[in-house]
Amino acid sequence: MGAFFLDTGQPGRIRLVCSGGFSLADAQGLKQAMVDALNDSEASLALDLQDVADVDLTFFQLLFALSAQARLDGKSVVLDTSMPDALCHRAEELGIARRDFEHVFHNEEVR
């Protein structure tokens, strides 16, 4: 079961920190957290996925849906940290290429 919280420690900056494993069972709560975080952000929402462990396709679908909604709202979603190797490998197993993340998320580097 995954965990998440909003970090609003820096003025004008919202960061959604996720950790643990995420599956379909976690989708509703995670989706609501993403919607709330995006609504609370001014221009950009940062995602910290450093401590995310095992995920299923639902997790990646929510990430890409979040990015699409942000674009519609005139905002962006950035990865605050490099994606952990395990998460990158899981994405590749599910047919999601590294370049997909680089194209969608405005981060410095996707590992």
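Which side chain meets that of aspartate 7 in a salt bridge? Arginine 15 does, at 2.9 Å from N to O; a salt bridge here means a side-chain nitrogen of Lys or Arg within 4 Å of a carboxyl oxygen of Asp or Glu. Before going further, keep in mind that this is a predicted model, where local features need pLDDT of at least 70 and side-chain atom pairs count only at pLDDT 80 or more, while totals for chains, interfaces and linings use all residues. Residues are numbered from 1 along each chain as its sequence is written, and side-chain values use heavy atoms, with hydrogens and water left out.

Let's start with the sheet. Four strands make it up, in the order 1-2-3-4, and the sheet is open with mixed pairing. Strands are DSSP runs of E with at least two residues, helices are runs of H or I with at least four, and both are numbered from the N terminus; two strands pair if DSSP finds at least two bridges between them. Strand 1 (3-7) and strand 4 (76-79) sit at the edges with a single partner strand each, so one side of each has no neighbour in the sheet. From one strand to the next, the twist averages 20°. Angles run from 0 to 180 degrees between N-to-C directions, with axes fitted as lines to C-alpha atoms, for helices over the stretch in contact.

Now look at strand 3 (residues 44-55), which runs parallel to strand 4 and is joined to strand 4 by four bridges. Leucine 47, for instance, has leucine 79 in strand 4 as its bridge partner. Packed on the sheet is helix 2 (residues 57-72), which touches strand 2 (14-22), strand 3 and strand 4, and whose direction makes about 175° with that of strand 3. Contact here means heavy atoms within 4.5 Å.

Serine 67 counts as buried, at 2% relative accessibility. The cut-offs are under 20% relative accessible area for buried and over 50% for exposed, with partly exposed in between (1.4 Å probe, protein chains only). Leaving aside residues up to four places away in sequence, serine 67 touches Val77, Val104 and Phe105.

Helix 1 (residues 27-40) comes next. The buried residues of helix 1 are Ala27, Leu30, Ala33, Met34, Ala37 and Leu38. They cover an arc of only 130° around the axis, so they lie on the same side of helix 1; the arc is taken from the directions from the helix axis to the C-beta atoms. These buried residues pack against strand 1, strand 2, strand 3 and helix 2, while Gln28 and Asn39 are exposed on the other side of helix 1.

Back to the charges. A search of the whole structure turns up five salt bridges. In the opening pair, aspartate 7 is partly exposed at 24% relative accessible area, whereas arginine 15 counts as buried at 17%. Arginine 15 also meets aspartate 80 in a salt bridge, at 3.3 Å from N to O. That pair links distant parts of the chain, with arginine 15 in strand 2 and aspartate 80 in the loop between strand 4 and helix 3 (85-93), 65 residues apart. Glutamate 92 and arginine 98 form a salt bridge too, at 3.5 Å. Through shared partners, salt bridges join Asp7, Arg15, Asp48 and Asp80 into one network.
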